[in-house]
Amino acid sequence: MKNSLKTVLLVLTLFVYNTAVAQENFQKTTLVKNIFSALKSQDETKIIESLPTKDDILYLIPIIQANSSENILEVATIIANFKTETAKDFKEVLRKGSAFNVQWKDINLQTVRYEPQPDDKIAIEKGHIILVCSSNDVNFEVILRKSIKIKDNWRLMDRMKFRLL
């Protein structure tokens with residue numbers, strides 16, 4: 001009885017430790033660093049670094065095709081669409097923040113949250129990455145919607161949103 005109790009406690013301890021250690025620190029991901037740096041400097045070119053590369057898209061296409069009958073555009077078209085939409089979203093985030101007196105050069109990153117948004121059809125880690133920031137007594141979030149982890153790198157795949165707290 002004593003040995004089985006020790007075994008159960010050991011397994012429980014390992015499980016709790018693994019769960020705590022396995023949590024990804026999103027604040028240290030390249031995606032979050034690039035986005036925060038782009039916001040702080042209001043530099044659109046830094047956002048582009050967070051988009052999927054040609055290799056990332058070529059990796060995703062067979063996965064998407066295997067689970068969907070969707071017509072997939074050419075890789076160059078996909079990349080051009082991402083750049084265009086991301087640039088518009090970035091400008092909109094900056095505009096909304098400025099309207100609420102956010103001083104972008106003085107923003108502070110408070111925390112980063114992750115809200116999983118799994119897709120039943122595609123077995124890729126996906127979710128909203130939320131940057132909780134502050135500037136001049138204004139607390140706000142920048143939401144990186146439906147970001148995807150491709151080959152151990154997080155990529156911006158959908159809209160960026162600004163939300164006051």
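Modeller: Helices (H or I, at least four residues) and strands (E, at least two) are DSSP runs, numbered from the N terminus. The model is a predicted one, where local features need pLDDT of at least 70 and side-chain atom pairs count only at pLDDT 80 or more, while totals for chains, interfaces and linings use all residues. Residues are numbered from 1 along each chain as its sequence is written, and side-chain values use heavy atoms, with hydrogens and water left out.

Biologist: How many salt bridges are found in the whole structure?

Modeller: The criterion is a side-chain nitrogen of Lys or Arg within 4 Å of a carboxyl oxygen of Asp or Glu. Searching the whole structure with it gives a count of 9.

Biologist: How many residues apart are Glu44 and Lys91?

Modeller: Glu44 and Lys91 form a salt bridge, with 3.7 Å between the closest N and O atoms. Glu44 sits in helix α3 (residues 44–48) and Lys91 in helix α5 (residues 75–99), a link between distant parts of the chain that are 47 residues apart.

Biologist: Are Arg155 and Asp56 buried or exposed?

Modeller: Their side chains meet in a salt bridge at 2.9 Å, N to O. Arg155 belongs to strand β4 (residues 153–155) and Asp56 to helix α4 (residues 54–66), so the contact ties together parts 99 residues apart in sequence. By relative accessible area (under 20% buried, over 50% exposed, partly exposed in between; 1.4 Å probe, protein chains only), Arg155 and Asp56 are both buried.

Biologist: Which element supplies the largest share of the lining of the largest pocket?

Modeller: A pocket is an open set of 1 Å grid points over the protein atoms alone, where a 1.4 Å probe fits, with protein on both sides within 12 Å along at least five of seven lines; lining residues have an atom within 4 Å of a point. The largest pocket has 25 lining residues, with Ile64, Glu70, Phe82, Ile148 and Met157 nearest its centre. At least two lining residues come from each of α4, α5 and β3. The largest share, 6 residues, is from α5.

Biologist: How much space lies in the largest pocket?

Modeller: Volume here is the space filled by probe spheres set on the points, which are joined across faces, edges and corners. For the largest pocket, that space is about 730 Å³.
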